[in-house]
Amino acid sequence: MALALSLGQRGQGCVWPNPAVGCVIVQGARIVGRGWTQPGGRPHAETMALAQAGDLAKRATVFVTLEPCAHHGATPPCAEALIAAGIARCVVAISDPDPRVSGKGIAKLQAAGIEVSAGCQAQEALLAHRGFFSRLQNGRPRVTLKLATSLDGRIATASGESQWITGAEARRDVHGLRACHDAVLVGGGTARADNPSLTLRGLGLDRQPVRIVASRHLDFDAPALQASRDVAPLWLCHGPQARARGAWQNQCDALVQVPL
């Protein structure tokens, strides 16, 4: 299960709205299949692992970090795929809170005569899937606050200068955070003061988080954001009185009015 959780992390930041699941298939003492949720949310982890295992999945044990789905969506249910492959046992870390699944996947497997064990490394799985759980159970995303301060609690000098408070290692860690999140959000004040690009850099990855700027009046210039429009999406959230809405209409990928 630890390996499955590690594999699932590879999908963090690029599989929304699906969870970043990991799956490992074991035949005896041999790993015969590994998989994780692919970019865009599909294929699912179980599908990838079954494809790698092939006929060796028959009578095998499957370790999966989240209950296999039981509903027909853009792809067939993973629970049915596991049944069709002839697995003997499925070890599930935690059940899926999605009401379309929520125990139904486990029930399908058990009805087919497959032994199911649940709760293996459940706390680690809850941590790995906390964004997915927050969206479904609380109706809000998981948010990670990134804040760089000096030892006296300041984020800039009296004149507004702030580059660089952090060092190269900390800045690399920030890009690691961007890589495992779906979006990066700043306010209009940060956009005005820092002219950030908000892109993911220096990790050799070919994906980018959505860049979001929340500005009540859209009263900022963003040359760095505009210069990287072909690299990463740009969403703007504004209040109802934003006079500059028209000027931004063709300058971003999404323009959304919210109660700012």
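In which sense do β6 and strand β7 pair, and over how many bridges? I find β6 and β7 (residues 210-214) pairing in the parallel sense over five bridges. I note the terms here: strands (E, at least two residues) and helices (H or I, at least four) are DSSP runs numbered from the N terminus, and two strands pair if DSSP finds at least two bridges between them. Within this pair, Val-184 stands opposite Arg-211 in β7.

A caution for myself: this is a predicted model, where local features need pLDDT of at least 70, side-chain atom pairs count only at pLDDT 80 or more, and totals for chains, interfaces and linings use all residues. Residues are numbered from 1 along each chain as its sequence is written, and side-chain values use heavy atoms, with hydrogens and water left out.

Next, the whole sheet. I see four strands in an open sheet, ordered β6-β7-β8-β9, with parallel pairing. The edges are β6 (183-187) and β9 (254-257), each pairing on one side only.

Then α2 (45-53). I list Ala-45, Glu-46, Ala-49, Leu-50 and Ala-53 as buried (under 20% relative accessible area, 1.4 Å probe, protein chains only). They lie on the same side of α2 because they cover an arc of only 125° around the axis, taken from the directions from the helix axis to the C-beta atoms. Just after α2, Gly-54 has a positive phi of about 60°.

Last, α3 (residues 78-85). Cys-78, Ala-79 and Leu-82 are buried there. Their arc is only 105°, so they share one side of α3.

Key: Buried < 20%, exposed > 50% of the residue type's maximum accessible area, 1.4 Å probe, protein only.
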